[in-house]
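Me: I've got a new chain open and I'd like to walk through it. Can you help me read it?
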Amino acid sequence: MRGSASIMVCTGAVLLTLLVRGIPAQEADKRMTDLPPGEGQSLVMDVCVRCHSLETSLVERKDQTGWQKTVNDMILRGAFITPEEAKTIIAYLTKTRGRVDLNRVSLEELLRVTPLQPAEAEAILRYRSHHGHFRSLDELQEVEELTPERIEEIKRYFSVTPVSSSSDSESKPNSN
Ligand code: HEC
């Protein structure tokens, strides 16, 4: 009697551990390496797995300049990619593993590209229309609906490109 009861307790504990630890990790992995269909998908899956896994190389989101720099780095490290292929890969990664510009993103794009809830996305756009453009990602702290923990989670989906306005004397075009 005692023996079988403890086996059941054991089995229960193992199942619980699997439930608690296994599933979220799996889901997170899937999201990291999920490459949606599109021009460039097969190139990435062919070229970018030759020296390392996609799990390690596609975790971080980057804007177009960031991906351009990475792909150039990979060519220097020995990746065989033609200039045409590089262009396709950069465009694909910018679209699928990119960041959206806080100062230009639309509500539709926020909801499509980031894991924000509608109320959070609306709060960000409301902040932008009331306070003007974001100067840095840190300014997300000023959006009341977002907790510091939430900002940590969503930060990697955003970039901030300064918007020049006529009243902003610091953002004059290069004068050299
Ligand atoms: C010829 C081998 C090779 C190929 C092919 C290659 N890489 Fe890399 N990659 C490396 C090496 C070496 C490193 C640095 C060591 C490491 O992090 O594993 C690296 C690191 C990275 C990093 C982390 C450093 C950073 O710049 O953020 C990313 C991202 C990356 N690669 C993306 C890619 C992508 C995208 C492709 C496909 C276009 C690709 N790699 C193809 C060799 C390669």
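Me: Where does Leu-146 lie?
Reply: Leu-146 is in the loop between α7 and α8 (148–154). Keep in mind that this is a predicted model.

Me: Is Leu-146 buried, exposed or partly exposed?
Reply: Leu-146 is partly exposed, because 18 other C-beta atoms lie within 10 Å. Buried would take 20 or more.

Me: Which residues is Leu-146 in contact with, leaving aside its neighbours within four places in sequence?
Reply: Glu-120, Leu-140 and Ile-151. Take Glu-120: it sits 26 residues from Leu-146 along the chain, and their C-alpha atoms are separated by 7.1 Å.

Me: What span should α7 have, at 1.5 Å a residue?
Reply: Helix α7 covers residues 118–131, which is 14 residues, so it should span 20 Å. Its end C-alpha atoms are 20 Å apart, and that agrees.

Me: What comes just after α7?
Reply: Gly-132, and it takes a positive phi of about 85°.

Me: Let's zoom out. How many helices and strands are in the chain?
Reply: The chain has 8 helices and 2 strands. In sequence order the pattern reads α-α-α-α-α-β-α-α-α-β.

Me: What share of the residues counts as buried?
Reply: 12% of the chain's 176 residues.

Me: And what share of the contacts joins residues at least 24 apart?
Reply: Take the contacts between residues at least 6 apart in sequence. Of those, 61% join residues at least 24 apart.

Me: On to α4. What span should it have, at 1.5 Å a residue?
Reply: Helix α4 runs over residues 64–76, so its 13 residues should span 18 Å. The end C-alpha atoms are 18 Å apart, which agrees.

Me: Which residues of α4 are buried?
Reply: Trp-67, Val-71 and Met-74. Seen down the axis of α4, the buried residues fall within an arc of 55°, so they line one face of the helix.

Me: What's on the face turned away from that buried side?
Reply: Exposed residues: Thr-65, Lys-69, Asp-73 and Leu-76.

Me: What do the buried residues of α4 pack against?
Reply: They pack against α5 (83–96). Leaving aside its neighbours within four places in sequence, Val-71 is in contact with Ala-86, Ile-89 and Ile-90.

Me: How far does α5 reach from its first C-alpha to its last?
Reply: α5 reaches 20 Å with its 14 residues. That is close to the 20 Å expected at 1.5 Å a residue.

Me: Which residues of α5 are buried?
Reply: Ile-89, Ile-90, Tyr-92 and Leu-93. Down the axis of α5, the buried residues fall within an arc of 170°, so they line one face of the helix. On the other side of α5, Pro-83 and Glu-84 are exposed.

Me: What covers the buried residues of α5?
Reply: The cover includes α2 (41–47) and α4.

Me: Which residues make up the largest nonpolar core?
Reply: There are 9: Val-44, Cys-48, Trp-67, Val-71, Met-74, Ile-89, Ile-90, Tyr-92 and Leu-93. α4 and α5 each supply at least two residues of this core. α5 gives the most, with 4 residues.

Me: What lies apart from it?
Reply: Another core, of 7 residues. Leu-102, Leu-110, Leu-116 and Ile-124 are among them.

Me: What tends to happen to nonpolar side chains in general?
Reply: In soluble globular proteins, they tend to be buried together.

Me: Last topic, the ligand. Which residues come nearest?
Reply: Cys-48, Cys-51, Ser-57, Gly-78 and Ala-79, out of the 14 residues around the ligand.

Me: Where does the largest share of the shell come from?
Reply: From α4, with 4 residues.

Me: How many nonpolar, polar and charged residues has the shell around the ligand?
Reply: It has 7 nonpolar, 4 polar and 3 charged residues.

Technical notes:
Residues are numbered from 1 along each chain as its sequence is written. This is a predicted model: local features need pLDDT of at least 70, side-chain atom pairs count only at pLDDT 80 or more; totals for chains, interfaces and linings use all residues. The expected span of a helix is 1.5 Å times one less than its number of residues. The arc is that of the directions from the helix axis to the C-beta atoms. Two residues are in contact if their C-beta atoms, placed from the backbone, lie within 7 Å. A residue is near a molecule or strand if its C-beta atom, placed from the backbone, lies within 6 Å of it. Ala, Val, Leu, Ile, Met, Phe, Trp, Tyr, Cys and Pro count as nonpolar, Asp, Glu, Lys and Arg as charged, and the others, Gly among them, as polar. A nonpolar core is a set of buried Ala, Val, Leu, Ile, Met, Phe, Trp, Tyr and Cys residues joined through C-beta atoms within 7 Å.
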